[in-house]
Amino acid sequence: MSTVSERRGPTLLMAVPALVFFTVFALAPLAGVAVLSLMRWDGLGTPSWAGLANWPEVLGDPVTHEAIWLSVKVMILSWVVQTPFALLLGLLTARRGRYREVLGVLYFLPLLLSSAAIAIAFKALLDPNFGMSQALHIAALSQDWLGNPDLVLFVVVFVIAWQFIPFHTLLYQAGARQIPAVLYEAAAIDGAGPLRQFFSITLPQLRYTIITSSTLMLVGSLTYFDIVFVLTGGGPGNATRLLPLDMYLTGFSNNDMGRASTIAVLLVVVGVALSLGLSRLARFDRGSQQEGMG
Amino acid sequence: MMFRKQLTAMAAVAVTLVAAACGTSGPSASGGAATAWSLTGGDEQTFRSSFDSWNKAHPDAAITPTFFANDAYKQKIRTALGADQGPTLLYSWGGGTLKSWVDAGKVLDLSDEVAADPQLAGRFLPSVVKTGTVGDKTYALPNNAMQPVVLYYNKELFTRVGAEPPKTWDDLMALVAKFKGAGIAPFSLGGQSKWPMLMWLEYLVDRIGGPQVFADIAANKPDSWSHPAVLQANTMIQQLVEAGGFVNGFASIATDSNADLALLYTGKAAMYLMGSWAYPTLKTANAGFISDGKLGHTTFPAVANGKGDPANIVGNPANFWSISATASDAQKQAALSYLKDGVMNPQYVDTLLAGGAVPPVKGLESKISASPDGAYLSEIYKLAADAPSFQLSWDQALDPGQADALLTGLSQVFLKQITPQQFSDTMNKTIKP
Amino acid sequence: MTTTRTRPNIVGGLGGFLWLIVILVPVYYVVVTSLRSQAGFFDGNPLAPPANPTLDNYKLVLDNDFASYFANSVVVTLATVVVTVAVSLMAAYVVVRRTDRAAAITYKLFLLGLAIPLQAVIIPIYYMITRLRLYDTLLALILPSIAFAIPLTVVILANFLRDVPKELFDAMRVDGAGDWRTLWSLVLPVTKPAVVTVAIYDGLTVWNGFLFPLILTQSPEQRVLPLALWSFQGQFTVNIPAVLAAVVLSTVPVLVLYVLGRRHLASGMTAGFGK
């Protein structure tokens, strides 16, 4: 036994604890959510079989339609807002220097805060009666940020960006530091300006980072829950009832766990499809690279 | 040798998992002292002092209270009950929530105790006791004050602009223009919490169409949501929003943080439609506002040609205690003896009165008028005791799933995202005959 | 060595400055407001420094069981991180050094695990936890947190371990070292930078986690910090300065650790997500 295991590498038993945890508390619930989507359960009694009854209800529910549409909007807006900022800041902080050390601490501050803390802080700051608008009597900044259904989604996207740009900045910073300096030196000798250098060296060199960061951003946007839950609770009306929040409210406030599980299955399917699609894109692009971040 | 090491490692993991599984013996519902969950704000002080003195006098039947914010409580109690780890004493509003607990067998039937001890339920106003029954059986008993929804106002602001409290809806609309002209928000409203919006709909539907309109809705009669009174009420609400009746940013103000009440006492809003629990909360937050005579109150205005009696009220007849069916016998016993001797004993009633709330106990008139807030409390007591109809808040009266659709739909009406007709159509679909 | 251009980057500089403002305004607001009295909060200019700064809010937060919530967060975070890193390192060793199908499938499984959104499986997890009678225990937070930290941890550690030359492992075997000794005296030391990074990352995720505590615990005895912040809102109601003082207090320990260990966080992030 021991000679075999030595020839083939370490014993498989070493992978068992991780597999057990992962199977029991992640894979089994994943199967569980699929099963629960076929049940009726009010959270109090015992679940009963419902067959496919939940599916037409969920797929025909205008509230869920709206939630899907909102999630798509947030996904796209988040990408559009976060990517350029993270890219620029990543390039900026990639260079080393003393004052950047200090700035670095400040730049990445949001990484350290919990979503609950961020949401509470912004809720107070944006309060129309006691917040920022009372300090700066500038009409453009005295909006009803969280109460105006036409504005609130952008505010949510902004707060999410505030929270996540630092993380993606770190990714771009790391990517930028791996670009060989000689490329820029050669380009400078050829007389290429900063803009040309950015488009012909920086961007192509960072394409894997861009794909990784984008995948994390897009798939991650399906999981925005806590920050919206604390900041707006999905309101006003349904204006920020994103898909995960719709699932939570359907399950834990509306007491319909079966329908909530159906929404959860939708979330999983979209999430897996997105990350598989994007990692295929990445693999296609880079040939044999093995890891598909999702 | 190596095999043994592997074995040890595996055993360590197994022990962790077993230890994990044995966390069972931890805080399960069926051991230890009895517990009670209640809400922050409102009558919180009464609950606290009652449990304190009860626990001092009955160390063997002690009850440990925990206090939650309103919205947090409603979600937490559900998950805890689902896990059979709810408290011994459950706080409720009666109505639909209580019924869902009864249907799932989560709460104890108190009918036998009520029959055996006539005082247990007999000391309360019968209309209030009824809210704690499902079918013919009693599952919950009152634990605090009657809470009619009242129109509070800031007298100082009314004097400043030279206005009188509104008697009719037309008065009210005229006041909106007047206060707006003076740079004061006419009404405060905690719109993020959604249920404060419901008070407007409840009162308007009652004033326009009388109590039967909602009785039909609660009975799940088909198309009852498209009654003309509901449509007209929502149209009037949208007119009020259009006229700028509610404070800037009302949709993002959470009642759980009392920010809406703060707008009234900091002079940023002139009026505030809220359950009478706002009074004890205000006494805690800013007693000076009351003692300086700045707080005024009146009933909801009448609507011209309306069928409803302007003396009708909406709100919560009271809040209630139920006893968990899954509690241990000792816990049940402790809870029951607390319901008999702890709740609403003379000292309890005095604390409620001192806090600015009126308990639904019979024959309290003289005691009330002798209390520090006597004038105000007598009016509330009379208001509640004499009302031809005291409608339980709709979100509590309805099934929880329907209540959620109602609150969401109504907030969209307030935001003018949907028309009154769309609201009624959506709500009709929630009726399951 | 990798240094980038030396030319001043105007667009970047401007962006950096803007970002600094965007970051600092809310942070400044939280700190100054936490030093305000209730009356000062209602009357004063919200962005001006407080007229009469007070630490009463901090005292109020500390008097309301903050220390116990803090301790719960520490227990949950430490337990999760230690177990996660230990079992993930073992698994990473297996998937990198073994070449058979079982190891390949295991790795694929963890890759797939990266795509499972925790939000989507919260209902079955709630169901399981209640049936295991673990509802409202710290273990109810630790177990699923470990499960959801494992995939990323394994993938990052495995990526790191792939770069370790095969000869080192061969040398260990020649010395007669078994799997456990190799793990302890080769795998752990060479992956140390990645271990530290991934531990920090997992730790932050668990420390700041909100959904598991929200659904799986309820009593104040089992409350962790993010949930405590949320509950303080209901408890302190309109006393926003006290709520914000709690926000500050919950962040300070993480900030201190970050300033001390930020090099690891930044450098190791490269290992996991870069490439």
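Biologist: How many of the 10 residues of helix α6 (residues 122-131) of chain C are buried?

Modeller: This is a predicted model, in which local features need pLDDT of at least 70, side-chain atom pairs count only at pLDDT 80 or more, and totals for chains, interfaces and linings use all residues. Residues are numbered from 1 along each chain as its sequence is written, while chains are lettered from A and ligands numbered from 1 in the order in which they are written. A residue is buried if 20 or more other C-beta atoms, placed from the backbone, lie within 10 Å of its own, exposed if 12 or fewer, and partly exposed in between. Helix α6 of chain C is largely enclosed by the rest of the structure, because its count of buried residues is 9.

Biologist: Which residue just after α6(C) takes a positive phi?

Modeller: Most residues other than glycine have a negative phi. A positive phi of about 55° occurs just after α6(C), at C:Arg133.

Biologist: How many C-beta neighbours inside 10 Å does A:Asn255 have?

Modeller: A:Asn255 sits in the loop between α13 (243-253) and α14 (257-286) of chain A, and its phi is positive, near 60°. A:Asn255 counts as buried because its number of C-beta neighbours inside 10 Å is 21.

Biologist: Which element of chain A has the lowest mean pLDDT?

Modeller: pLDDT is the predictor's confidence in each residue, from 0 to 100. Chain A averages 85, and 90% of its residues score at least 70. Residues 1-6 of chain A, however, stay under 50, and where pLDDT is low, the predicted coordinates should not be read in detail. Helix α2 (residues 16-36) of chain A has the highest mean, 94, and the lowest, 48, belongs to helix α1 (residues 2-8) of chain A.

Biologist: How many residues of chain A are in contact with the 91 residues of chain C?

Modeller: Two residues are in contact if their C-beta atoms, placed from the backbone, lie within 7 Å. By that rule, the 91 residues of chain C meet residues of chain A numbering 88.

Biologist: How many nonpolar residues does the side of chain C that touches chain A have?

Modeller: Ala, Val, Leu, Ile, Met, Phe, Trp, Tyr, Cys and Pro count as nonpolar, Asp, Glu, Lys and Arg as charged, and the others, Gly among them, as polar. That side of chain C has 22 polar and 9 charged residues, and its nonpolar count is 60.

Biologist: Are α2(B) and α17(B) roughly parallel or roughly antiparallel?

Modeller: Helix α2 (residues 44-57) and helix α17 (residues 346-355) of chain B pack at about 155°, with axes 9 Å apart. Axes are lines fitted to C-alpha atoms, for helices over the stretch in contact, and angles run from 0 to 180 degrees between N-to-C directions. Angles under 35 degrees count as roughly parallel, over 145 as roughly antiparallel, 65 to 115 as roughly perpendicular and the rest as oblique. The two helices are therefore roughly antiparallel.

Biologist: In which strand is B:Met271 found?

Modeller: B:Met271 is buried, with 27 other C-beta atoms within 10 Å. Not counting residues up to four places away in sequence, B:Met271 touches B:Leu151, B:Tyr152, B:Tyr153, B:Pro186 and B:Phe187. Its place is in chain B, residues 269-275, strand β9.

Methods:
Helices (H or I, at least four residues) and strands (E, at least two) are DSSP runs, numbered from the N terminus.
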